[in-house]
Structures are given as C-alpha cells and as structure tokens.
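Here is a short briefing for a first look at this structure. Keep the 3D view open while reading.

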Amino acid sequence: MAAAQYGKLQYWDERYTKDPESFDWYQRYESAWRAIYSGLKDTMDQFMKKEDSILMASCGSSRLTEDMYEDGFTNIVNIDASKVVIEQMTQRCEDKPALTWQVMNVMALEFPDESFDAVIAKATMDAILCGEGSTANVAKMCTEVSRVLKPSGVFFIVSYGVPDNRLNYLEQEDYGWQVTVHTIAKPTVSATAVPDTKDANSVHYVS
C-alpha cells in the first residue's frame, strides 16, 4: 500500500474498524529486552515528570498512554482525528478514568494557550508528511503545539525520518524551540541481535 494513504483520515477509520487491537508504531514505552532495546521510557524520563500535564497527539490504538499510566503518569489527554479509534480507546480504558479521550485534529487544537507540560507525537509528523499539503500541515501542527505548550514545555517527537529531513520543520524562529535529537534502536525479532545505532535503518529518532 502506498505511504500516501497514511495522510488520509478515511484510511485510519477503515484500519481501526477492521483491526481494533492495539498497535504501536516504531517503539513501545518500555522494551521487554531492556538490555538491548530501552524503548522510549529512558528518554522520556529525562524530560518529563510523573505529575506533568501531557497531550498525546494522534494517539491511535497505541499502548503508550496505558503503559505510561501504569508507570505513574496519570495526567494524560489523548486526541485523535479518528472517531473510530477514540471510541475504541475510551471503552478499552474505562477502568482508567484519569485518562481522557477526545476526537480532535492536531492541526486545530481546542485547548487554551499554555495548557500542557509536554506534547507527545509518535509517528504523527511522518503520517502528516504522507498527505497532501504536508509542509503547510506540519507547520499548522507545530504552531498549535507551540501555542498549547507551557513556556518550559517539551514537544516529544518520534520519527523514522533522519534529522536532515525533519529538523527544518522544527527549527523555526516562531517556535523558539531548542531542538535536540536522540536515537533509539529499532526493536527486532531477535533478543540477541545488537543494533548498530550509527545505521539510519536501525534506529528511530526522538526530537
């Protein structure tokens, strides 16, 4: 299937309807093989506190919010443009009333200014870049994220795109962001394989 489908809401509604099971793009919160793959937890712990107010942008059917909740992050607002997946996640997490789920487009956030300590976007930018008007739409997302973040807030992006192809979207004067890049080894089917973190095909990037 062409990657361009990832930029269309219809594709995601159909996907979630056909396959309501949880699915994590790129990385899990914490790897079962921590000796080799750390997952996102170690990097997140450097920038986020358990009491932070967090926005999970385009949450999809990922277990990231649930795993973070079980690790002590309880103030997480989850949004996605797909009504289908928001209804599924609301039902799946009904035993976790502290988590909230809303149908919302990350390019048109309905929150007041400076609402969040952190915004997490895992694979969100990559999906937007697959759609029409991608450059303008990424700018809309970043503008909205910049608006709802507190002055000391963190925008946590997980992407497969190499920094040379992503940083120009983030290093804009209007946002005033200090951008750093971290690499996380891609999970593999082997618990013994040692990843080459210098190989762009073996890592994901966190900005």
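Predicted model: local features only at pLDDT ≥ 70, side-chain atom pairs only at ≥ 80, totals over all residues.

Strand 2 (residues 76-80) is largely enclosed by the rest of the structure, because five of its five residues are buried. Helix 6 (residues 134-148) has buried residues too, among them V138 and M141.

**Strand 2 and its partners**
- Both faces of strand 2 are covered. I76, N78 and D80 are buried on one side, and V77 and I79 on the other.
- Strand 1 (residues 54-56) runs parallel to strand 2, joined by three bridges. Here I54 stands opposite I76.
- T100 is the bridge partner of V77.
- Helix 4 (residues 83-92) lies in a right-handed β-α-β unit with strand 2 and strand 3.

**Helix 6**
- The 15 residues of helix 6 should span 21 Å at 1.5 Å a residue. The end C-alpha atoms are 21 Å apart, so the two values agree.
- The buried residues are S134, N137, V138, M141, C142, E144, V145 and V148. They cover an arc of only 165° around the axis, which puts them on the same side of helix 6.
- Their cover includes strand 4 (116-122), helix 5 (124-128), strand 5 (149-159) and helix 7 (163-170).

**D117**
- D117 is found in strand 4.
- The side chains of D117 and K150 are joined by a polar contact of 3.4 Å.
- D117 also touches other residues, including D52, S53 and V154.

Terms used. Residues numbered from 1 in each chain as written. Heavy atoms only, no water. Helix = DSSP H or I, 4+ residues; strand = E, 2+ residues; numbered from the N terminus. Expected span 1.5 Å × (residues − 1). Buried < 20%, exposed > 50% of the residue type's maximum accessible area, 1.4 Å probe, protein only. Arc of directions from axis to C-beta. Contact = heavy atoms within 4.5 Å. Polar contact = N/O pair within 3.5 Å; in protein donor to acceptor, adjacent residues only side chain to side chain. Pairing = 2+ DSSP bridges. Right-handed = clockwise from strand over helix to strand, strands pointing away. Lists of a residue's contacts leave out its neighbours within four places in sequence.
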